[in-house]
Amino acid sequence: MVVRESVLADRVRRLIADGKRPACDPRKHIQELKGLVEKTVDEGAIKRSSRIFKALSDPSRLRMMRLLAVRDLCVCEVMAALDMTQPTASHHLNILEDTGLLRAKREGKWTFYGIAEPSLVDLIERIGRRLG
């Protein structure tokens, strides 16, 4: 939803009137804020981060990440450890691999999955402890 310019200007005018920002032209302040976004926000990075956080938003995938932090496993081992069907385990593993969180390594007819960047698991756990 796009907010009308006059509504934004009115809110910023009240912010300035309350002394929360230095006295200035509200419309100029809005333009400065928009410029700040252009300078500091990389839309590509935002989209990549969003995909990663969506991949990590499922408890089954978080369990897989912790399990695979211990050692590389094939799909059948993930199935056995997490009591999942093959299609479900493969689906979750593919999502994690597509986002770059896991890497797949072929060994003959077997594919073993592992954490692409081991420090990610530590980071995920630290975030969980900090915010949980």
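Strand β3 is mostly covered, with 5 of its 6 residues buried. The model described here is predicted. In this model, β3 spans residues 110-115. The strand belongs to an open sheet of 3 strands. The strand order is β1-β3-β2, and the pairing is antiparallel. The edges are formed by β1 (73-74) and β2 (102-107), each of which pairs on one side only.

The two pairings of β3 can be taken in turn. With β1, the antiparallel pairing runs over 2 bridges. Here L73 has Y113 in β3 as its bridge partner. With β2, 6 bridges are formed, and the two strands again run antiparallel. Within β3, I115 is the bridge partner of L102. F112 in β3 stands opposite K105. Strands of a sheet pair through backbone hydrogen bonds, in either a parallel or an antiparallel sense. In a regular strand, side chains alternate between the two faces of the sheet.

D83 sits in the loop between α5 and α6. This residue counts as exposed because its relative accessibility is 73%, above the 50% cut-off.

Two packed helices are described by the angle between their axes and the distance between the axes. Helix α5 covers residues 75-82, and helix α6 covers residues 86-98. Their axes lie 9 Å apart, at an angle of about 110°. The two helices are therefore roughly perpendicular, a class that runs from 65 to 115 degrees. The crossing of α5 and α6 is right-handed. On the α5 side, the contact involves V75, V78 and M79. These residues meet Q86, A89, S90 and L93 in α6. By class, the contact residues of α5 and α6 divide into 5 nonpolar and 2 polar, with no charged residue.

S60 is located in α4, which comprises residues 59-70. With residues up to four places away in sequence not counted, S60 touches L82, M84 and H92. S60 is buried because its relative accessible area is 18%, under the 20% limit.

A further helix pair is formed by α1 and α2. Helix α1 consists of residues 5-17, and helix α2 of residues 26-40. The axes come within 8 Å and cross at roughly 105°. This angle makes α1 roughly perpendicular to α2. From α1, the contact draws on E5, S6, L8, A9, V12, R13 and I16. From α2, P26, R27, H29, I30 and Q31 take part. The contact residues of α1 and α2 divide into 6 nonpolar, 3 polar and 3 charged.

L8 is one of the α1 residues in this contact. Neighbours within four places in sequence aside, L8 is in contact with V3 and I30. The relative accessibility of L8 is 27%, so L8 counts as partly exposed.

Conventions
Residues numbered from 1 in each chain as written. Predicted model: local features only at pLDDT ≥ 70, side-chain atom pairs only at ≥ 80, totals over all residues. Heavy atoms only, no water. Pairing = 2+ DSSP bridges. Helix = DSSP H or I, 4+ residues; strand = E, 2+ residues; numbered from the N terminus. Buried < 20%, exposed > 50% of the residue type's maximum accessible area, 1.4 Å probe, protein only. Contact = heavy atoms within 4.5 Å. Axes fitted to C-alpha atoms, helices over the stretch in contact; angles between N-to-C directions. Parallel < 35°, antiparallel > 145°, perpendicular 65-115°, else oblique. Left-handed = near helix turned anticlockwise from the far one by under 90°. Nonpolar A, V, L, I, M, F, W, Y, C, P; charged D, E, K, R; others polar.
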